[in-house]
Amino acid sequence: MVALVRWGILSAGLMADRFVSDLRKTLGAEVVAVASRSIQRAEAFAAKHRISRAYGSYEALAKDPDIDVIYVATTHNFHKSHTLLCLENGKHVLCEKPLALNAIEARQMIACAGEKRLFLMQAMWSRFNPAYKCAMQWVKDGLIGEVRMLKADLGFRASWEPEHRLLNPALAGGSILDVGIYPLALASHLFGPKPSKIQALAFLGATGVDEQAGIMLQYPQGQLALLSSAVQTRSPHNAFILGAKGMIWIPMFWRARLAILWRPRKLPRITWGSAGYQHEAAAVNQCIREGKMESATVTLAESLAMMETMDQIREKIGLKYPGE
């Protein structure tokens, strides 16, 4: 028998919808309740996903005694306050990426989780998908030799809605925090979370957020990460991990279903597998069952270091959010 882990869902938006759909595929997980600022939205979400409880306030969800862990899926600017609300009411937290608006907020969240002895993790579902994990094992096994460079992009063209979270500075919009974190997380996984040099350029559009950005990171052993992100420019969503003896290509790396290993004078090797939030959720469930306060796959130290890197990138491109 697998011990049941009881989930609460904080938000009734698109990300929460996708997460709950995949959470249903996870053994030993039960969705107990959902909350939205609108009771009508919460009730509609609950009806769609067959959830027994719907709340019209996040406080009510956080205080529900029948919940073990809460998935926070609100806009970036609310991640700190909503995570702290859950932690202060004794709930473990899986918080959507980015963990916070900036490193100052992330430190406060991590400190609170430590004081309360509760689990906290930044949601980075890419790390748990089977094809991605296999590609990282190829790297670990030395199949492409020393990794020297990463090229990764993630960009799309959103509809022009200035009040939408992607373009609204009050909601911490822009490409770097929303999608740029994926190539940054891949670079962190390969080379470590603290680059020695950071260069960045971006186009700040009419609303003042970065509509597209180009980032170059150098690491202590000379490795380079050439990264790009966009919310108004389409890109192919490729990752190329370039080593001394070969390379790995991961198409759609942020939700990888496929990875290809290429080496000179050898047949390519291909791996594939399902991509979904259920792999991440299963890992969180296991951590909670084992009484762990953080994941070894997405550590709090790495999540904080990534926030520090994004702070430096935003400083270089001149992007500051209201209230910072």
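In this predicted model, R148 is partly exposed, with a relative accessibility of 31%. Its side chain meets that of E146 in a salt bridge, with an N to O distance of 3.0 Å. E146 is likewise partly exposed, at 46% relative accessible area.

R6 counts as partly exposed, because its relative accessibility of 26% falls between the limits of 20% for buried and 50% for exposed. A further link is made by R107 and E308, with 2.8 Å between the closest N and O atoms of their salt bridge. Here helix α5 (residues 103-116), which holds R107, is connected to helix α9 (residues 300-317), which holds E308, across a separation of 201 residues. R107 is partly exposed at 40% relative accessibility, and E308 is partly exposed at 23%. Over the whole structure, the search finds 13 salt bridges.

Turning to another part of the fold, an open sheet of 8 strands has mixed pairing and the order β8-β9-β10-β7-β11-β12-β13-β14. β8 (197-204) and β14 (269-272) each have a single partner strand, so one side of each edge strand is left without a neighbour in the sheet. On average, neighbouring strands of this sheet are turned by 10 degrees against each other, direction ignored. Inside the sheet, β11 (residues 238-243) and β12 (residues 247-251) run antiparallel and are joined by 5 bridges; A239 has I250 in β12 as its bridge partner. Helix α7 (residues 175-191) packs on the sheet, where it touches β7 (147-155), β9 (210-218), β10 (224-230) and β11. The direction of α7 makes about 160 degrees with that of β10.

The surface also carries a nonpolar patch formed by L258, I270 and W272, which together have about 340 Å² of accessible area. L258 is found in strand β13 (residues 258-262) and is partly exposed, with a relative accessible area of 30%.

How values were computed: Residues are numbered from 1 along each chain as its sequence is written. This is a predicted model: local features need pLDDT of at least 70, side-chain atom pairs count only at pLDDT 80 or more; totals for chains, interfaces and linings use all residues. Side-chain values use heavy atoms; hydrogens and water are left out. Two strands pair if DSSP finds at least two bridges between them. Helices (H or I, at least four residues) and strands (E, at least two) are DSSP runs, numbered from the N terminus. Axes are lines fitted to C-alpha atoms, for helices over the stretch in contact, and angles run from 0 to 180 degrees between N-to-C directions. Contact means heavy atoms within 4.5 Å. Patches are made of residues with over 30% relative accessible area and no salt bridge: like charges are joined within 9 Å, nonpolar side chains (Val, Leu, Ile, Met, Phe, Trp, Tyr) within 5 Å. Accessible areas come from the Shrake-Rupley method with a 1.4 Å probe; for residues, only the protein chains shown count as cover. A salt bridge is a side-chain nitrogen of Lys or Arg within 4 Å of a carboxyl oxygen of Asp or Glu. Buried means under 20% relative accessible area, exposed over 50%, partly exposed in between (1.4 Å probe, protein chains only).
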